[in-house]
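Please look over the chain shown below together with its fold. The briefing that follows takes up a few places in turn, grouped by topic.

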Amino acid sequence: MEKTKIILDCDPGHDDAVAVMLAGKSPAIDLLGITVVAGNQTLEKTVRNALNVTAWLDIDVPVYAGCGQPMIREKMVAGDIHGESGLDGPVFPPLEKKAEPMHAVEFIIRTLMASDGDITMVTTGPMTNLAMAMRMEPRIVEKIRRIVLMGGSYTNGNVTPAAEFNIIADADAAYVCFTSGRPVTMVGLDVTRKVLCYPEIVERMAKVGNKASQLFVDLMAHFCKTQKEIFGWAGGPLHDPVTVACLIDPAVLTTKPMNAQVDIRSTSSYGRTNCDYFGYMGLPATADVAVDIDVEKFWDIVEQGLRNYD
């Protein structure tokens, strides 16, 4: 089976950490590098979290620190969800692994320019690093096989009624990526809210009984607790891993081509992904938008992802 080459751009974050787990040892994925952006917490913290997760799981992949603030707007983080560290819950041993000296944007540019156009960009945080790379070196755009992002919603947001966090945190960057002309798969809240990590799921994953499952359980102890406190949900939605899961097994998602535009002009709807579900505008589709998910298949993929660390 031919592996899908990816660069995983993330802002760990509990659900980002699970996305890293799925990508790190999957026989379907060739993880070329992890690039990190500020988002769920400040850049210093998200980089440390990426290093801790990869070190704990023995994922031999370089980690690159990227942009610490959005392209234009003021910085925002999600400490209420992910805690002071951005990855509250697990206790990691002293960290020896270090980030690479090269900036994440430079790594993205160099890697794409040297490629055969066969690399998929997976973003699970604000899209600042990828957008900055596109602006710094426009020739990389045609080298991107596909952009698979966790972000947006064709229904309701989770920061405002209109906007989802990863998009509103740097809507201008998302605008750059959505208008790049490259194939886009948008994995939004419409499907990620369907994969709630209920207590029985945590128990199921605990039975795997290895370092990955231990980390999963520790992550979910904090993540599910905050989701219940804030939203009243009995389980936390594992947003970010859906991006990797759909590359491991495309059958996990149902997508619909839509004209999708990022709102960067209004005030009340800034950061909204306006997706023309019914084709009212008669405009060409710009993204394959996820509209449904096979929940059982998703959890099977997660369990296998943990078992890959046996």
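Which residues in α1 meet residues in α10? His-14, Ala-17, Val-18 and Met-21 in α1 meet Ala-212, Leu-215, Phe-216, Leu-219, Met-220, His-222 and Phe-223 in α10, where contact means heavy atoms within 4.5 Å. This is a predicted model, in which local features need pLDDT of at least 70 and side-chain atom pairs count only at pLDDT 80 or more, while totals for chains, interfaces and linings use all residues. Residues are numbered from 1 along each chain as its sequence is written, and side-chain values use heavy atoms, with hydrogens and water left out.

**Helix packing**

- Two packed helices are described by the angle between their axes and the distance between the axes.
- The axes of α1 (residues 14-25) and α10 (residues 211-231) come within 10 Å and cross at roughly 165°; such axes are lines fitted to C-alpha atoms, for helices over the stretch in contact, with angles running from 0 to 180 degrees between N-to-C directions.
- α1 and α10 are therefore roughly antiparallel to each other, a label given to angles over 145 degrees.
- The helices themselves are DSSP runs of H or I with at least four residues, strands are runs of E with at least two, and both are numbered from the N terminus.

**A covered helix**

- Helix α4 (residues 104-113) is mostly covered, since 7 of its 10 residues are buried, with buried meaning under 20% relative accessible area, exposed over 50% and partly exposed in between, for a 1.4 Å probe and protein chains only.
- The buried residues of α4 are Ala-104, Val-105, Phe-107, Ile-108, Ile-109, Thr-111 and Leu-112.
- Among the elements that cover these buried residues of α4 are the strands β1 (4-10), β2 (29-36), β3 (63-65), β4 (119-123) and β5 (144-150), together with helix α5 (128-136).

**Surroundings of Asn-259**

- Asn-259 sits in the loop between β9 (253-258) and β10 (260-262), and with a relative accessible area of 7% Asn-259 is buried.
- The side chain of Asn-259 is joined to that of Gln-261 by a polar contact of 2.9 Å, that is, a pair of N or O atoms within 3.5 Å, of which, within protein, one must be able to donate a hydrogen and the other to accept it, and residues adjacent in sequence count only if both atoms are side-chain atoms.
- A polar atom of the Asn-259 side chain also lies 2.8 Å from the backbone oxygen of Pro-284.
- Leaving aside residues up to four places away in sequence, Asn-259 touches several others, including Asn-274, Cys-275, Asp-276 and Met-281.

**Cysteines**

- The structure holds 0 disulfides, a disulfide being a pair of cysteine sulfur atoms within 2.5 Å.
- For Cys-224, the closest cysteine sulfur is in Cys-197, at 4.5 Å, which is too far for a bond; Cys-224 is buried, at a relative accessible area of 12%.
- For Cys-275, the closest cysteine sulfur is in Cys-177, at 15 Å, again too far for a bond; Cys-275 is buried, at a relative accessible area of 15%.

**Loops and backbone**

- The peptide bond from Pro-12 to Gly-13 is cis, with omega near -15°, and Gly-13 is found in the loop between β1 and α1.
- Asp-58, in the loop between α2 (43-56) and β3, has a positive phi of about 55° although it is not a glycine, and at 54% relative accessibility Asp-58 counts as exposed.
- Gly-181, in the loop between α7 (171-178) and β6 (184-187), is exposed, with a relative accessible area of 62%.

Methods
Angles under 35 degrees count as roughly parallel, over 145 as roughly antiparallel, 65 to 115 as roughly perpendicular and the rest as oblique.
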